[in-house]
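Please examine the sequence and the structure before reading on.

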Amino acid sequence: MSTNLLNFYEAIERASADMVDAARNGNWDEVVKLEGACAVLIAQLKNAAHSESLQADESKVKSRIMQRILLNDAEIRHLAEPWLDDLDQMMTGRSKTLH
């Protein structure tokens, strides 16, 4: 049984849920920090996947976890859109207010 692989998926899911919480609170520094933690976990998962594989029942669990991660990612992107628009305006020197 490859519980180790599922543990990686679950850890990534927890980090993505924490990212959603941070994004909801406007704590983008924390989102970036957690994104880095996710990248490390994903690298570790890829390494572990070379020597392990999931059983059929574990693949179903993985699919449910991945769906939740994708939903978290979509919410983070939705929350980030206004912030990204503001950043784009700052970088191009455009003002939000009309004179």
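Is aspartate 21 buried, partly exposed or exposed? Aspartate 21 counts as partly exposed because its relative accessible area is 37%, a value between the limits of 20% for buried and 50% for exposed. This value, like every other in this report, is computed from a predicted model.

**Overall fold**

The protein contains three helices and zero strands. Along the sequence, the pattern is therefore written α-α-α. Of the 99 residues in the protein, 28% are buried. The protein exposes about 7,000 Å², and 55% of this area comes from carbon and sulfur atoms. Contacts between residues at least 6 apart in sequence may also be considered: 80% of them join residues at least 24 apart.

Helix 2 covers residues 28-49. It consists of 22 residues and spans 31 Å from its first C-alpha to its last, which is close to the 32 Å expected at 1.5 Å a residue. The buried residues in helix 2 are Trp28, Val31, Leu34, Cys38, Leu41, Leu45 and Ala48. Viewed down the axis of helix 2, these buried residues fall within an arc of 130°, so they line one face of the helix. On the face of helix 2 turned away from the buried side are the exposed residues Asp29, Val32, Lys33, Lys46 and Asn47.

**Contacts between the helices**

Cysteine 38, a residue of helix 2, counts as buried because its relative accessibility is 9%. When neighbours within four places in sequence are left aside, cysteine 38 is in contact with Ile12, Ala15, Ser16 and Met19. Alanine 15 lies 23 residues from cysteine 38 along the chain, and the C-alpha atoms of the two are separated by 6.5 Å.

Serine 16 belongs to helix 1. With a relative accessibility of 6%, serine 16 is counted as buried. Which residues does serine 16 contact, leaving aside its neighbours within four places in sequence? They are Cys38, Ile69, Asn72 and Ile76.

**Salt bridges**

The count of salt bridges comes to five.

| Pair | N to O separation |
|---|---|
| Glutamate 13 and arginine 68 | 2.4 Å |
| Arginine 24 and aspartate 21 | 3.7 Å |
| Lysine 33 and glutamate 30 | 3.6 Å |

Glutamate 13 forms a salt bridge with arginine 68. This pair links distant parts of the chain, since glutamate 13 is in helix 1 (residues 3-24) and arginine 68 is in helix 3, 55 residues apart. Glutamate 13 is buried, with a relative accessible area of 17%, a value under the limit of 20%. Arginine 68, by contrast, is partly exposed, with a relative accessible area of 37%.

Lysine 33 counts as exposed at 55% relative accessibility, whereas glutamate 30 counts as partly exposed at 26%. Elsewhere, salt bridges that share partners join Asp21, Arg24 and Glu75 into one network.

**A nonpolar surface patch**

Which residues make the nonpolar surface patch of about 350 Å²? The patch is made by Leu87, Met90 and Met91. Methionine 90 is located in helix 3 (residues 56-92). Because its relative accessibility is 63%, methionine 90 counts as exposed, the limit being over 50%.

**Summary**

The predicted model has three helices. In helix 2, the buried residues line one face, and exposed residues including Asp29 and Lys46 lie on the face turned away from it. Glutamate 13 of helix 1 and arginine 68 of helix 3 join distant parts of the chain.

Note on methods
Residues are numbered from 1 along each chain as its sequence is written. This is a predicted model: local features need pLDDT of at least 70, side-chain atom pairs count only at pLDDT 80 or more; totals for chains, interfaces and linings use all residues. Side-chain values use heavy atoms; hydrogens and water are left out. Patches are made of residues with over 30% relative accessible area and no salt bridge: like charges are joined within 9 Å, nonpolar side chains (Val, Leu, Ile, Met, Phe, Trp, Tyr) within 5 Å. Accessible areas come from the Shrake-Rupley method with a 1.4 Å probe; for residues, only the protein chains shown count as cover. A salt bridge is a side-chain nitrogen of Lys or Arg within 4 Å of a carboxyl oxygen of Asp or Glu. Helices (H or I, at least four residues) and strands (E, at least two) are DSSP runs, numbered from the N terminus. Buried means under 20% relative accessible area, exposed over 50%, partly exposed in between (1.4 Å probe, protein chains only). Contact means heavy atoms within 4.5 Å. The expected span of a helix is 1.5 Å times one less than its number of residues. The arc is that of the directions from the helix axis to the C-beta atoms.
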